[in-house]
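Let's go through this model by question and answer.

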Amino acid sequence: MARIAEIDHLLEHNADQLLILTDAQIEAKQDKLKRLMRHRQRISELKSYTFENGLNSFDSGRDDQVVKGEFHLPVGEEVEFVFRSRDVIHSAFMPHFRAQMNTVPGVPTRFKMTPTITTDSMRTILDDPDFNYVLLCNKVCGAAHFNMKMDVIIESREEYDAWLEQQDAFLVDEAVPSAPENEPAPSADVDIESGEMAMIH
Ligand SMILES: [Cu+2]
């Protein structure tokens with residue numbers, strides 16, 4: 001009865017503060033509250049989770065290796081990209097080439113394209129000596145997502161060959177198939193892991 005008197009009072013003096021809900025609406029609000037509580041619980045558990053190395057789930061991302069690299073491709077030649085992810089779904093995005101491809105653990109994804117304008121020409125066209133084509137991750141994939149960016153240098157076949165000659169240290173042994181001699185087509189295997197992108201030519 002006290003509640004009814006209270007409602008009567010509100011109706012008379014502060015009708016704008018009175019919110020009357022149906023049972024279904026109350027149930028919906030309780031459901032939402034429970035969902036939010038579960039969500040809150042998950043976040044607090046995530047914060048306090050500690051890995052074997054003693055780091056929590058946020059700090060453990062800090063020792064991800066940063067491969068601040070670049071890779072080169074010859075202009076005017078079709079290149080097939082093959083993407084492999086070692087952990088979660090990333091998205092390899094090359095905005096200047098209008099190309100994007102999900103990278104999925106266990107499922108190599110691929111696409112072909114032919115770069116038509118060298119980096120040098122593009123710098124002249126845009127009047128920007130610092131311009132670079134980029135490959136970056138376009139999916140928020142984890143704590144190291146912000147690290148996932150590489151420059152893409154498009155150059156002449158001669159410059160590309162010269163660059164490739166010097167890239168021995170870049171190779172990942174077990175992932176490089178023995179290439180047939182005089183293989184002319186450029187290949188670009190992209191090995192992706194949180195915070196790391198490696199090209200295997
Ligand atoms: Cu990412």
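Q: How many helices and strands are in the protein?
A: This is a predicted model. Along the sequence its elements run α-α-β-β-β-β-β-α-β-β-α-β-β. The totals are four helices and nine strands.

Q: What share of the residues counts as buried?
A: A residue is buried if 20 or more other C-beta atoms lie within 10 Å of its own. The protein has 201 residues. Of these, the buried share is 14%.

Q: Which element gives the most to the largest nonpolar core?
A: The core has 15 residues, and Phe83, Ala92, Leu135, Cys137, Val190 and Ile192 have the most contacts inside it. Two or more residues come from each of β1 (70-74), β2 (79-85), β3 (90-94), β6 (133-137), β7 (149-155) and β8 (187-193). The top contributor, with three residues, is β6.

Q: Which residues does Phe83 touch, leaving out those up to four places away in sequence?
A: Phe83 is among the core residues with the most contacts inside the core. Its partners are Ala92, Met101, Thr103, Pro108, Thr109, Arg110, Val190 and Ile192.

Q: Where is confidence lowest and where is it highest, by element?
A: The protein averages a pLDDT of 77, and 70% of the residues score at least 70. The lowest mean, 62, belongs to strand β9 (residues 196-200), and the highest, 96, to helix α3 (residues 119-126).

How values were computed. Residues numbered from 1 in each chain as written. Predicted model: local features only at pLDDT ≥ 70, side-chain atom pairs only at ≥ 80, totals over all residues. Buried ≥ 20, exposed ≤ 12 C-beta atoms within 10 Å, placed from the backbone. Core = buried A, V, L, I, M, F, W, Y, C linked by C-beta atoms within 7 Å. Contact = placed C-beta atoms within 7 Å. pLDDT = per-residue confidence, 0-100.
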